Amino acid sequence: MGRVVVEVMPKPEILDPQGKAVVGALPRLGFTQFVGVRQGKRFELEVEGDVTPEILAAARQAAETMLSNPIIEDVVNVFEAEVSA
Amino acid sequence: MVGAAGARIGVITFPGTLDDRDAQRAVRLAGATPVALWHADADLHGVDAVVIPGGFSYGDYLRAGAISRFAAAMTSVADAARGGMPVLGICNGFQILTEAHLLPGSMVKNDHLHFICREQTLVVENASTAWTNQYAAGQRITVPLKNQDGQFVADERTLDELEDTGRVVFRYDGWNPNGSRRNIAGITNERGNVVGLMPHPEHAVEPGFGPDAAAGARQGVDGLGFFTSVLSALVAA
């Protein structure tokens, strides 16, 4: 079984209210090192066999047509995941 | 030409739609015939206009409206909209219209991160669309607003273009309830037949069930003008 990972992040110019809420809460737990947080999404797409170049290409297409909205998000990564036994 | 009384207005139901029955009722109160449409059916059953109602289609899990955009009915709606058929997207319906690229921009989570439910005053900026011709430019109307992902965003170039071409249809009056760019509550396409907005006109169409108004508690019917506007647009077409 193969697995493709797609990572999607809000565009830098889009205010990310969720990241903003997290960065506001971190210092309350003592994590004062972090001055910014952006919250994105990670998708894991599973296939029956190996991850072929065609499957990676299809994952990229799915990432750009459905898994992300190009107006507010960037697809930052599409890659084959290491599958642990 | 379509006689107002004979107009048939479709209302699409997706899994997770909540306000379809309210939209059908608003259509009926305006004097037209509501036609229930199902998301998986590509056949629009000869309707003269379509309302995409509010709710949480597919649970908003991927992004609000993202999965509904690919429904069979939406492919037909997109074709019909490009041909000039009036289409109104309310709340989740507005999100679906942006995901379908029938309207520009997108919606993200409210800037304060809270779900919000309130009676919202809007300024009518454009009273010449298929869905707003019964209002006057500058008129203030009050309709309910309820959403979590209601912050309208677009890049500066798109926002400038919307402003310059008169395509901002509604702006929030007074307080901006979700941080939307330039207080935008609703927009239209170039042709003026496709309109999307976050607040809910279909919840302000019948005395006793709407927002508070000068006439008394829950007497507000400011939303009815959307549905009489589209009838007027259809008669004129």
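Predicted model: local features only at pLDDT ≥ 70, side-chain atom pairs only at ≥ 80, totals over all residues.

Biologist: Where does B:His200 lie in chain B?

Modeller: B:His200 is in the loop between β11 (194–197) and α5 of chain B.

Biologist: And which residues does B:His200 touch, leaving out those up to four places away in sequence?

Modeller: B:His200 touches B:Asp19, B:Gly54, B:Ile90, B:Cys91, B:Val143, B:Pro144 and B:Lys146.

Biologist: Let's take B:Cys91 from that list. Where is B:Cys91 found?

Modeller: B:Cys91 is in the loop between β4 (87–90) and α3 (92–99) of chain B.

Biologist: Is B:Cys91 buried or exposed?

Modeller: B:Cys91 is buried, at 6% relative accessibility.

Biologist: What about the phi of B:Cys91?

Modeller: The phi of B:Cys91 is positive, near 55 degrees, and B:Cys91 is not a glycine. Most residues other than glycine have a negative phi.

Biologist: Which other residue has a positive phi although it is not a glycine?

Modeller: B:Arg182 is one, with a phi of about 50 degrees. B:Arg182 sits in the loop between β9 and β10 of chain B. At 30% relative accessibility, B:Arg182 is partly exposed.

Biologist: What does B:Arg182 form a salt bridge with?

Modeller: With B:Glu156. The closest N and O atoms are 2.7 Å apart. This pair links distant parts of the chain. B:Arg182 is in its loop, B:Glu156 is in helix α4 (residues 156–164) of chain B, and the two are 26 residues apart.

Biologist: Which residues are in the network with that pair?

Modeller: Salt bridges with shared partners join B:Glu125, B:Glu156, B:Asp160, B:Glu163, B:Arg171 and B:Arg182 into one network.

Biologist: Pick one in chain A for me.

Modeller: Take A:Lys41 and A:Glu73. Their closest N and O atoms are 3.7 Å apart. A:Lys41 lies in strand β2 (residues 41–47) of chain A and A:Glu73 in strand β3 (residues 73–80) of chain A, so the pair ties together parts 32 residues apart in sequence.

Biologist: Are those two buried or exposed?

Modeller: A:Lys41 is partly exposed, with a relative accessible area of 29%. A:Glu73 is buried, at 11% relative accessibility.

Biologist: Now the interface. How many salt bridges are counted between chain B and chain A?

Modeller: One. The side chains of A:Glu73 and B:Arg63 form a salt bridge, at 3.6 Å from N to O. A:Glu73 is in strand β3 of chain A and B:Arg63 is in the loop between β3 and α2 (72–82) of chain B, so this pair joins two chains. Both A:Glu73 and B:Arg63 are buried.

Biologist: How many residues are in contact across the two chains?

Modeller: 16 residues of chain B are in contact with 15 residues of chain A. The area buried between the chains is about 1300 Å², and carbon and sulfur atoms give 68% of that.

Biologist: Which three residues of chain B supply more of its buried area than any other three?

Modeller: B:Leu62, B:Arg63 and B:Leu113. They supply 37% of the area that chain B buries against chain A.

Biologist: And polar contacts across the interface, how many?

Modeller: Five residue pairs are in polar contact there. On the side of chain B that touches chain A, β5 (106–108) and β8 (151–153) each give two or more residues. The largest share, three residues, comes from β5(B). In residue types, that side of chain B has seven nonpolar, four polar and five charged.

Biologist: One last topic, helix α1 of chain B. Which of its residues are buried?

Modeller: In α1 (residues 20–30), the buried ones are B:Asp20, B:Ala23, B:Gln24, B:Ala26, B:Val27 and B:Ala30. They cover an arc of only 160 degrees around the axis, so they are on the same side of α1(B).

Biologist: Why would residues a few places apart point the same way?

Modeller: An α-helix has 3.6 residues a turn, so residues three or four places apart point the same way.

Biologist: What covers the buried residues of α1(B)?

Modeller: The cover includes β1 (8–13), β2 (33–38), β3 (49–52) and α5 (224–236) of chain B.

Biologist: And what follows α1(B)?

Modeller: B:Gly31 does, with a positive phi near 105 degrees.

Methods
Residues numbered from 1 in each chain as written. Chains lettered and ligands numbered in written order. Heavy atoms only, no water. Contact = heavy atoms within 4.5 Å. Buried area = accessible area lost by both parts, 1.4 Å probe. Salt bridge = Lys/Arg side-chain N within 4 Å of Asp/Glu carboxyl O. Polar contact = N/O pair within 3.5 Å; in protein donor to acceptor, adjacent residues only side chain to side chain. Helix = DSSP H or I, 4+ residues; strand = E, 2+ residues; numbered from the N terminus. Nonpolar A, V, L, I, M, F, W, Y, C, P; charged D, E, K, R; others polar. Buried < 20%, exposed > 50% of the residue type's maximum accessible area, 1.4 Å probe, protein only. Arc of directions from axis to C-beta.
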